[in-house]
Amino acid sequence: MTISVEELQKWDEKIRGLVERFGLKCYPQEFDICDHNEMIGYMAYAGMPARYSHWSFGKNYERQKTLYDYGVSGLPYEMVINSCPCIAYLMRDNSLLLQILTIAHVYGHNDFFANNFTFTSGLDARYTLEMFKNHGVRIDKYIEDPSIGLEQVERVLDCAHAISLQGSHNLAIRKRSPEEQRLYKWESAQQPPDPWAEIHPKREYKPPDLNKVPLEPEENLLGFIAQYNPYLPEWKRDILRMVEEEAKYFVPQIETKIMNEGWASYWHHKILSALELEQGLHMEFMVRHNQVIRPTPGGLNPYHLGFVIWNDIEKRWNEGKTGREFSDDKPRLDVSTLSENERPGRKKIFEVREVDRDTSFLRRFLTVDIMRELDLFQHEKRGKDRVVTKIADQENWKEIKETLIKNVGVGAIPVIKIEDADYGKNRTLYLKHYHDGRDLQLEYAEQTLRHIGALWEREVALETILNGKKSLLKLVDDELKLEKL
Amino acid sequence: MSSIFRPYTPSSQRSDRSARDRLRHREKIKQSIRNNIADILAEESIIGRDRDKIIKIPIRSIKEYRFVYGENTPGVAQGNGEQKPGDVVGPADPGDANVGQGGGDQPGVDAFETEISLEELINIMFDDLELPELEKKSLRRVLSDDARKRKGKRHAGIRPRLDKRSTAKNRVRRKLAVIGARGLNFDEEDARFPFHDDDLRYHHVVPTTKEASNAVVLCIMDTSGSMGTVKKYLARSFYFLLYQFVRQKYQNVEVVFIAHHTEAKEVSEEEFFHKVESGGTYISAGYKKALEIIEARYHPSLWNIYAFHCSDGDNFYSDNERAVQAANELCQVCNLFGYGEIKPAGSAYYSGSMLDVFAQISQENFQMCVIEKKEDLWPAFKSFLSKDRSNTPGTGPQTVSEGASSATP
């Protein structure tokens, strides 16, 4: 039985009333009703109604479909895309309660997109859909161009996809302009004024190399190659820029997975509790809600972790147990006299949803109590197995927390920067992996280097640490060479 | 804040935009299978399966490479309260390190495998050979004995072929004629009107030509003491390929296994691959046996004959001359005759080689190859097929050039 649009609108009306009462600030919202096949299609294309064509989306589709057909994984109840207006897909075969829950959940995401700094400091959400659509048109144009064709476009896209996430690890940090970089470099090379210069031996002044490219190590591989490979034809440059731009859409989502899902779950829970559902619906709500936020032993459910932390923040701030900010001589507020929106806990979570991302969120608000409640443990490879190495006890909880922080968001993407674009004076691209204890997967590194080499059209070298030894991976004549440094 | 609901449009009214990308992905998979066919064939899992069943073969999906962290990356996961340091939580597959972070765009390791049926794989394999002439050349039209069809009726014939319907009709016809001519009324006078010999009609049956294509694969293997398990496995893989190939091209395929040491005998598949004999080697014995079998059961005008001999090349010196002679004879009756010398790495130089000896054979449809390891199988097989003889067997040694021969129907 499918739910009629009128019925959905009726519920949406009520939910929006609550959304406004709770003070969520959303973009305008649009809901598309779709069936399961279309849902699989949207998943394969990251929800975009229009996107450029590439075989990897076909692969994605097949995988989702196979998993779904064999019952390995179900489909998400909803899919939301970060744009203004915010678009969400509802599956028409879902039950009434699932639709209500989904609509409420979507408004949570919508508010998060509209307010969290990672999203607001990135792309302009008003043009997201147009951007993806426009890229589709441009790629098609290159494919149809007889002098370019599918094969070539595909090759460039393959290469670009390989390094699309090798960009800035925090989009909110403004990059210094070339002039500022030059100035900074010059200034930092100057000797500080020395009041004892007369009795100190005179230090030699080394003039900074202001013509070096790049002046500062560069994180944004795609943008750099597009700018500094002089032999790239214009269409390739255009494709690189497109992929670079689209990555800016995905990075905030990667960065805030736990916060975002936790926030949406927190709000669907609050909204559905306030809707005063009739008993049957309420029972289903309890069941579904628990399915969404249940812990997954052996894994880590971002919905669960996020939901627990958001609730914990609210509770602690309401009770005044806020660590540094809590002290005995401050009179404790009696929160029961305040309206819900005025309570310090609620105010705090609204502040956090604006200024944090997963790494900072966990660092600031993942307490040892939550870690114990969730039984977080650290696992490492030992031979052929993954073995529990640490549990959240007194000695180890901090380290587990650090490991988790390293692994969330863009932390799972190795930091690789361009150090020199003219290494050895033969235009070799010299990359450096900023090693933090985690080695690169060698096969993947090698193939990715090949992709970079194809774009740079010269030799590429990567400095990294493998098994504790500083090494240089080099592609010479399509062969990988490993040098000890 | 406002909201809009857009009602459902059935899929049939929307275009399927993923179709193009899915197709392209399938193409890429086929491409990658083609590129790695030697590796895939070297996998033990394919060889020796029940041939008539369609099975699924896992193929690694096409990877999308990025920089990712390797296996020494520690991960954090949620437990059930009972985890202690030292507990095993799963396999060390790198994919697991990413479990639970749930990032939509995070690169994980592609553990997903695409499946392809054996049939499809074999099609790709033979597409890869790019031998367009092959089918045309070697498909022979054969009069098959057991195909007959009815054609017309005859007055004489054997009882089983009696056509009851027209016989009865003839009797009725005759009866009406008698009534008309004599004015008799049989019904009233209760007189009989029996069948007459002239009424009887028989179906006439003629043999018909049915286009059938028969092929026989003769697997000849040296089972002397020097053929170890590894060598047998390589030989078996090769025969498997040959059988699959021949099966693609012909309707009716038979396989004959001939094992030889100093004597040869026809054996069952089981015995062929698993029975170990001892003693020396007379290659000529195997060939003679093959010729005998061909003579008795597979006449070259009715059968396409593919013969392949695997040995480690350790023949008695005195037998070499006879072996070459027998090989020449085999070449004349076979579409293809091949000799594969199996020398796995490690088997030393002490053993002899037949390669030099067989080099004297100048028949066009004879092919030699050396198989040292699993990866050699596919190239060896390809080179073997490239020699497929264009002419019908039995017409003597080939002298025509390749260009002229392809004109044969």
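Modeller: Happy to! One definition first: a nonpolar core here is a set of buried Ala, Val, Leu, Ile, Met, Phe, Trp, Tyr and Cys residues joined through C-beta atoms within 7 Å. Please keep in mind that this is a predicted model.

Let us begin with the contact itself. Chain A brings 80 residues to it and chain B brings 58. On the chain B side, strand S1 (3–6), helix H1 (18–35), strand S3 (75–78) and strand S4 (88–91) each supply at least two residues. H1(B) gives the largest share of that side, seven residues.

Now for the strands. An open sheet is formed by four of them, in the order S3(B)-S4(A)-S5(A)-S4(B), and the pairing is antiparallel. S3 and S4 of chain B stand at the edges with a single partner strand each, so one side of each is left without a neighbour in the sheet. Direction ignored, neighbouring strands of this sheet are turned by 40 degrees against each other on average.

You can follow both joins between the chains residue by residue. At one of them, strand S4 of chain A (residues 376–382) runs antiparallel to S3(B) and is joined to it by four bridges. Here Gln378(A) has Val76(B) in S3(B) as its bridge partner. At the other, three bridges link strand S5 of chain A (residues 385–391) to S4(B), again antiparallel. Look there for Arg386(A), which stands opposite Gly90(B) in S4(B).

In the largest nonpolar core, which has 72 residues, Leu376(A) is among the members that touch the most others, together with Met39(A), Ala88(A), Ala104(A), Tyr107(A), Trp267(A) and Ile400(A). Helix H4 of chain A (residues 96–115) gives the most to this core, nine residues. Apart from it lies another core, of 57 residues, including Val216(B), Phe238(B), Ala285(B) and Trp378(B). As background, nonpolar side chains in soluble globular proteins tend to be buried together.

Definitions and conventions. Residues are numbered from 1 along each chain as its sequence is written. Chains are lettered from A and ligands numbered from 1 in the order in which they are written. This is a predicted model: local features need pLDDT of at least 70, side-chain atom pairs count only at pLDDT 80 or more; totals for chains, interfaces and linings use all residues. Two residues are in contact if their C-beta atoms, placed from the backbone, lie within 7 Å. Two strands pair if DSSP finds at least two bridges between them. Axes are lines fitted to C-alpha atoms, for helices over the stretch in contact, and angles run from 0 to 180 degrees between N-to-C directions. A residue is buried if 20 or more other C-beta atoms lie within 10 Å of its own, exposed if 12 or fewer, and partly exposed in between; C-beta atoms are placed from the backbone.
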